[in-house]
Amino acid sequence: MITLIQFPWSPFCITIRRIMESHKIPHRVKDVSSHDRSAVIRATNGRGYTVPCLIDGTTAVADFTDFGQEVARYLDRKYRLGLFPRDKEGIQAILARYIENQLEDIGFRVNDSYVLPALPLVERVMQFRHKERKFGKGCVQQWARDRGKLIAEFAERLRPIDNMLVSSPYLVANKPLFVDYDLYGILGDYLYNGKTKLPALRNLQRWYRRM
C-alpha cells in the first residue's frame, strides 16, 4: 500500500490525496510536522525534502524539480489514470503555471494567516521563521491585516478560471485532468482553515462540487 507523507494543508498534498481518493487507490497518510522533514529525507535517501512524498514499497517519489509533477506523474503511470494526455500537455503546462504561481501565491497567505498562529509553540515558531526568511519580518501578521484585500485579489485571479468553465465541466477536457486536481489542491489549502469560502463564481462552484 502506498504511504503519502504530507502536511495536511499543503495544496500539493491535497492534490495528490484527492487523486488517490477519486481513483480509489489504496493508501495511508502520514502527517509530519511542517518543520521536520526527516521522514522525507530518509525515504528518498537525501534526494528530496519536499511534500508530498510517496512511499511505494522500496520506491520513494517526491517532486525533485521546480515544476513539481513527479508524484502525480508516478501515480498516472502506475495506475494508468490518463491525467496527462499527450494532446493536452501544452495547455496543462500553461495552466499549471498560473494555478501554482498566481493563485497559490495568494491562497496560501490567507490560509497561513489563520493556521500558523494556532500551531503548537515549536512548530509555530519554526514556521514563522521559515516564512519571515522568505517574505520578511512580520509577514504573517501583515497577511492577517491584509486578509480582506487578499481575498478580493484571490477571487479576481480565479475569474479567468470561472470563464473557462462556462461551457465545459472541467478545465480542458470532459473529465478531470491533472490541472483540475492541481486547482482543487490550491482551493483546498485556501479553505483549510474553515473560515474562508469559495468566491461567488457560479461556474467555479459547480466545478468544485463535481471535484
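**Entry 1: ground rules**

Two strands pair if DSSP finds at least two bridges between them. Helices (H or I, at least four residues) and strands (E, at least two) are DSSP runs, numbered from the N terminus. With that settled, I looked up β3 and β4: 4 bridges join them, and the two strands run antiparallel.

I noted that this is a predicted model, where local features need pLDDT of at least 70 and side-chain atom pairs count only at pLDDT 80 or more, while totals for chains, interfaces and linings use all residues. Residues are numbered from 1 along each chain as its sequence is written, and side-chain values use heavy atoms, with hydrogens and water left out.

**Entry 2: the sheet**

In what order do the strands of the open sheet lie? I found 4 strands in the order β2-β1-β3-β4, with mixed pairing. The edge strands, each pairing on one side only, are β2 (27-31) and β4 (59-62). From one strand to the next the twist averages 20°; axes here are lines fitted to C-alpha atoms, for helices over the stretch in contact, and angles run from 0 to 180 degrees between N-to-C directions.

Next I followed β1 (residues 2-6), which is joined to β3 (residues 53-56) by 3 bridges, the two running antiparallel. Ile 5 has Cys 53 in β3 as its bridge partner. Helix α1 (residues 11-22) packs on the sheet and touches β1, β2 and β3 (contact means heavy atoms within 4.5 Å), its direction making about 155° with that of β1. Helix α3 (residues 70-79) also packs on the sheet, touching β1, β3 and β4, at about 130° to the direction of β4.

On the β4 side, I saw Ile 55 opposite Ala 60. The hairpin of β3 and β4 has 2 residues between the strands, and Gly 57 takes a positive phi near 65° there.

**Entry 3: the cores**

A nonpolar core is a set of buried Ala, Val, Leu, Ile, Met, Phe, Trp, Tyr and Cys residues joined through side-chain atoms within 4.5 Å. Buried means under 20% relative accessible area, exposed over 50%, and partly exposed in between (1.4 Å probe, protein chains only).

The largest core has 55 residues, and among those touching the most other members are Ile 16, Leu 54 and Leu 183. Which helix gives the most to this core? I found that α8 does, with 9 residues. Leu 183 touches Leu 171, Leu 204 and Trp 207, among others, not counting residues up to four places away in sequence.

**Entry 4: loops and a cis bond**

I then checked the loop between α2 (38-43) and β3, where Pro 52 lies. A cis peptide bond joins Val 51 and Pro 52, with omega about 5°. Asn 45 lies in the loop between α2 and β3 too, and its phi is near 55°, a positive value in a residue other than glycine.

Is Asn 45 buried or exposed? Asn 45 counts as exposed because its relative accessibility is 71%.

Arg 80, in the loop between α3 and α4, also has a positive phi, near 50°. Arg 80 counts as exposed because its relative accessibility is 79%.

**Entry 5: one last residue**

I ended with Val 122, which sits in helix α5. Val 122 counts as exposed because its relative accessibility is 54%. Val 122 and Ser 33 are 89 residues apart in sequence and 10.0 Å apart in space, C-alpha to C-alpha.
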